[in-house]
Amino acid sequence: MKKTFKLQDLDCANCAAKMEQAVRKIEGVESAQISFLSQKFTLCAPDDAFDAIVAEAIRVCKKIEPDCVIVL
Amino acid sequence: MSKKQKRVIARIALSGLALPLFHLAPAPLRLWLYLAAYLLAGYDVLLKAARNIAHGQVFDENFLMCIATVGAFLTGEYPEAVFVMLFYQVGALFESYAVGKSRASIAALMDIRPDMARVRRGEALLEVSPEEVAVGETIVVSPGERIPLDGVVCLGRSTLDTAALTGESLPRDVAEGSEALSGCINRTGVLEIRVAKEFGESTVSKILELVEHAASKKAKAETFITHFARYYTPCVVIGAALLAILPPLLTAAPFTPWLHRALIFLVISCPCALVISVPLGFFGGIGGASRRGILIKGSNYMETLANTQIIVMDKTGTLTEGSFTVQAICPENIEADRLIELAALAEAYSSHPIAQSLRQAFGGEIELGRIAEVTEIAGQGVTARIDGTMAAVGNAKLMAQYGIQTEVPVEPGTAVYAALETAGQWSYAGYIRIADTIKPDAAAALASLHKCGIRKSVMLTGDAQAVAEYTASQIGIDEVHAGLLPEDKVAWMERLKTECTKSGTLAFVGDGINDAPVLAQADIGIAMGGLGSDAAIEAADIVIMDDRPSKISVAIGIARRTLGIVKQNIWFALAVKFVVLLLGALGRTNMWGAVFADVGVSVIAILNSMRALKS
């Protein structure tokens with residue numbers, strides 16, 4: 001499944017790159033893209049693990065940039 | 001401006017205004033006052049730094065600012081510590097504001113996403129989000145509204161404004177049975193449209209997705225800068241450490257001034273100006289191009305396009321309209337109007353493209369009652385009784401059957417001959433020359449391509465040599481290779497590629513329909529007439545939404561301008577940082593200069609990037 005989320009208060013281009021790297025390392029993630037310019041997060045992961053991966057991605061991103069919120 | 005930004009402004013203003021008063025306070029109190037102002041201005045930076053260290057991220061901007069300012073406090077430079085923090089916050093605020101602003105203006109350019117669809121379900125008209133509409137349902141679009149999904153008009157008549165897709169506000173007339181593409185604005189009448197594609201598959205979604213993902217295909221300049229940033233920060237930080245320790249140790253000079261110089265290094269060590277302004281420049285260029293109906297699928301293609309040396313073009317559908325039209329009517333013992341009328345009537349029942357072009361040239365109403373005894377002779381033409389007179393319309397073979405000698409027209413194209421029977425005697429009535437028309441802006445397109453420094457233009461076509469050469473001479477193409485099969489085209493591309501210099505690239509322009517292998521073979525593939533053609537959008541690196549070849553030089557212009565802006569940003573940021581680093585090491589600048597080299601340069605680079613948006 002592929003889904004795109006909006007990001008709020010993503011302020012720094014470097015953080016976006018770091019978040020993208022971190023999300024890609026989550027087990028089961030097929031592909032992840034964080035676009036600083038369009039403030040969007042595109043995630044590709046298997047259907048059955050999708051929700052768990054999204055939750056993990058939120059946790060990981062929070063750690064890198066606590067101000068940034070992933071809008072579900 | 002967001003709430004967060006407003007809060008920061010308030011804090012900056014408060015501590016900034018309080019600062020001059022501190023001079024009046026008695027000396028022992030000053031440290032505490034400055035410290036209070038410092039915390040007010042920058043407590044969030046301190047917090048973020050602490051948190052990031054806890055998460056194992058040492059070299060971030062916040063942490064570096066903290067060491068620099070705390071260091072200034074420790075060396076007794078209280079006002080400077082506060083000022084630097086203030087200045088940094090102002091810069092960061094301006095940076096986030098400028099980025100937000102530019103992001104919004106790019107987004108506004110691409111704001112073609114429809115918000116709702118009015119769908120007919122049973123008796124009711126429901127307003128739903130476009131994603132919820134299924135294929136086969138009927139949507140109603142009022143004048144002034146954007147068509148939300150691709151479909152076919154099933155009721156109503158209107159004109160559509162395709163500007164959002166093509167960049168040209170040329171209106172397109174639609175009526176029952178016509179295709180209606182999402183993203184167009186309905187101008188004049190209410191339309192009912194039967195949905196043919198779900199939202200995710202509709203033109204508007206495809207275009208949006210393409211442009212949004214374009215930024216993820218990184219250009220060489222972008223990869224260079226991310227690599228550079230990875231080494232830059234640690235190097236500068238190590239430089240700072242050496243600067244603080246080595247000179248005092250070696251020369252027995254006092255520690256404090258060298259520590260101060262080291263702190264200046266830390267402030268400059270953030271690579272943000274570079275990291276942000278390069279992709280922003282490309283994004284601006286991509287946004288600006290899409291406004292003009294040119295889709296560029298990635299920043300990397302922009303780089304390749306800017307270096308185009310040889311441009312190879314397909315003929316049919318690219319430089320010519322790809323459809324037959326009547327070029328000349330050459331009557332013999334008969335009025336020209338009468339000749340075209342006869343031909344159109346005789347071909348009234350045929351669906352052949354040539355017959356269609358004859359009817360189109362005639363233009364009048366075709367009264368089927370005037371036509372009788374129609375006989376189609378395959379590969380030759382047609383005979384029919386028109387207004388009581390027998391007429392034969394077709395090629396030279398048909399004419400020969402009636403004992404008529406025909407002339408071959410000098411200009412290329414297909415000649416349709418006509419003969420009439422009067423009192424049992426056949427007589428020649430002349431011919432109509434039909435050919436593919438050259439697009440009106442093709443010659444101008446080639447002229448502007450040569451003007452912008454393309455070394456050579458080449459036309460590859462499957463068409464006959466004579467036709468190809470005629471077309472090439474009309475529009476000013478340098479080299480022509482005709483009569484080619486698709487695999488010959490690929491071979492020619494290979495050969496032409498070797499003629500490019502090392503940095504130069506070869507671009508191929510086609511209509512995207514049957515030249516996929518050639519598009520893929522070229523350094524950069526440009527498809528024309530992408531409006532509504534999925535194949536073209538898939539196959540090419542750059543899609544020109546309308547059919548105008550003159551957009552190619554526009555695209556090259558945008559690419560070159562964008563690349564220029566990106567290069568300016570890189571050199572400007574590197575130069576300023578390097579100079580301030582040097583001055584800092586020599587003790588010739590203070591922290592003000594350093595903060596300017598950090599956030600000031602970012603802001604200037606961001607503002608410069610925004611120029612890419614305007615073309």
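# Close-up views of a predicted two-chain model

**View 1. Domains 3 and 4 of chain B.** The C-alpha centres of domain 3 of chain B and domain 4 of chain B lie 36 Å apart. The model shown here is predicted. Five residues of domain 3 of chain B and four residues of domain 4 of chain B make the contact. On the domain 3 side, three of the residues are nonpolar, two are polar and none is charged. Chain B is divided into four parts: domain 1 (3-107 + 216-280 + 563-613), domain 2 (117-212), domain 3 (294-319 + 439-545) and domain 4 (322-437). Trace domain 1 with care, as its bounds list three stretches of the chain, 3-107, 216-280 and 563-613. Domain 3 is listed as two stretches, 294-319 and 439-545.

**View 2. A seven-stranded open sheet in chain B.** Follow the strands across the sheet in the order S10-S22-S21-S20-S11-S18-S19. The pairing in this sheet is mixed. Strand S10 (294-296) and strand S19 (479-481) of chain B stand at the edges. Each has a single partner strand, so one side of each is left without a neighbour in the sheet. From one strand to the next, the twist averages 20 degrees.

View 3. Strand S11 (residues 308-314) and strand S20 (residues 505-510) of chain B run in the parallel sense. Five bridges link this pair. For one of the partners, look at B:Ile311 in the view: its bridge partner in S20(B) is B:Ala507. In a regular strand, side chains alternate between the two faces of the sheet.

**View 4. Strand S17 of chain B and two of its partners.** Strand S17 (residues 425-438) of chain B pairs with strand S12 (residues 320-331) of chain B in the antiparallel sense, over eight bridges. Here B:Pro331 stands opposite B:Gly430 in S17(B). S17(B) also pairs with strand S16 (residues 414-422) of chain B, again antiparallel, over nine bridges. In that pair, B:Ala419 stands opposite B:Tyr428 in S17(B). S16(B) and S17(B) form a hairpin with two residues between the strands. In this hairpin B:Ala423 takes a positive phi near 50 degrees.

**View 5. A six-stranded open sheet in chain B.** The strand order is S2-S1-S3-S9-S4-S7, and the pairing is antiparallel. Which strands stand at the edges? They are strand S2 (124-128) and strand S7 (179-180) of chain B. One side of each is left without a neighbour in the sheet, because each has a single partner strand. Further in, strand S1 (residues 117-121) and strand S3 (residues 138-141) of chain B run antiparallel and are joined by two bridges. B:Arg120 stands opposite B:Thr138 in S3(B).

**View 6. Helices H19 and H20 of chain B.** The axes of helix H19 (residues 551-585) and helix H20 (residues 591-609) of chain B come within 10 Å. They cross at roughly 175 degrees, which means that H19(B) is roughly antiparallel to H20(B). Among the contact residues in H19(B) are B:Ile565, B:Phe572, B:Val576 and B:Leu583. Those in H20(B) include B:Ala594, B:Ala597, B:Val601 and B:Ala605. By class, this contact has 10 nonpolar, six polar and one charged residues.

**View 7. Helices H7 and H9 of chain B.** The axes of helix H7 (residues 220-251) of chain B and H9(B) come within 9 Å and cross at roughly 170 degrees. H7(B) is therefore roughly antiparallel to H9(B). From H7(B), the contact includes B:Ile225, B:Phe228 and B:Ala229. From H9(B), it includes B:Leu274, B:Val278 and B:Phe282. Nine residues of this contact are nonpolar, one is polar and one is charged.

**View 8. Where chain B meets chain A.** Chain B gives 14 residues to the contact and chain A gives 11 residues. Two elements of chain B each give two or more residues to this side: helix H4 (78-109) and helix H9 (272-291). Which element gives the largest share? It is H9(B), with six residues. The chain B side has seven nonpolar, three polar and four charged residues.

**View 9. Confidence in the model.** Chain B averages a pLDDT of 85, and 97% of its residues score at least 70. Chain A also averages 85, with 100% of its residues at 70 or above. Within chain A, confidence is lowest in helix H1 (residues 13-24), at a mean of 82. It is highest in helix H2 (residues 50-64) of chain A, at 89. The model scores ipTM 0.72 and pTM 0.77.

How values were computed
Residues are numbered from 1 along each chain as its sequence is written. Chains are lettered from A and ligands numbered from 1 in the order in which they are written. This is a predicted model: local features need pLDDT of at least 70, side-chain atom pairs count only at pLDDT 80 or more; totals for chains, interfaces and linings use all residues. Two strands pair if DSSP finds at least two bridges between them. Helices (H or I, at least four residues) and strands (E, at least two) are DSSP runs, numbered from the N terminus. Axes are lines fitted to C-alpha atoms, for helices over the stretch in contact, and angles run from 0 to 180 degrees between N-to-C directions. Domain bounds come from an automatic or database domain assignment. Two residues are in contact if their C-beta atoms, placed from the backbone, lie within 7 Å. Ala, Val, Leu, Ile, Met, Phe, Trp, Tyr, Cys and Pro count as nonpolar, Asp, Glu, Lys and Arg as charged, and the others, Gly among them, as polar. pLDDT is the predictor's confidence in each residue, from 0 to 100. Angles under 35 degrees count as roughly parallel, over 145 as roughly antiparallel, 65 to 115 as roughly perpendicular and the rest as oblique.
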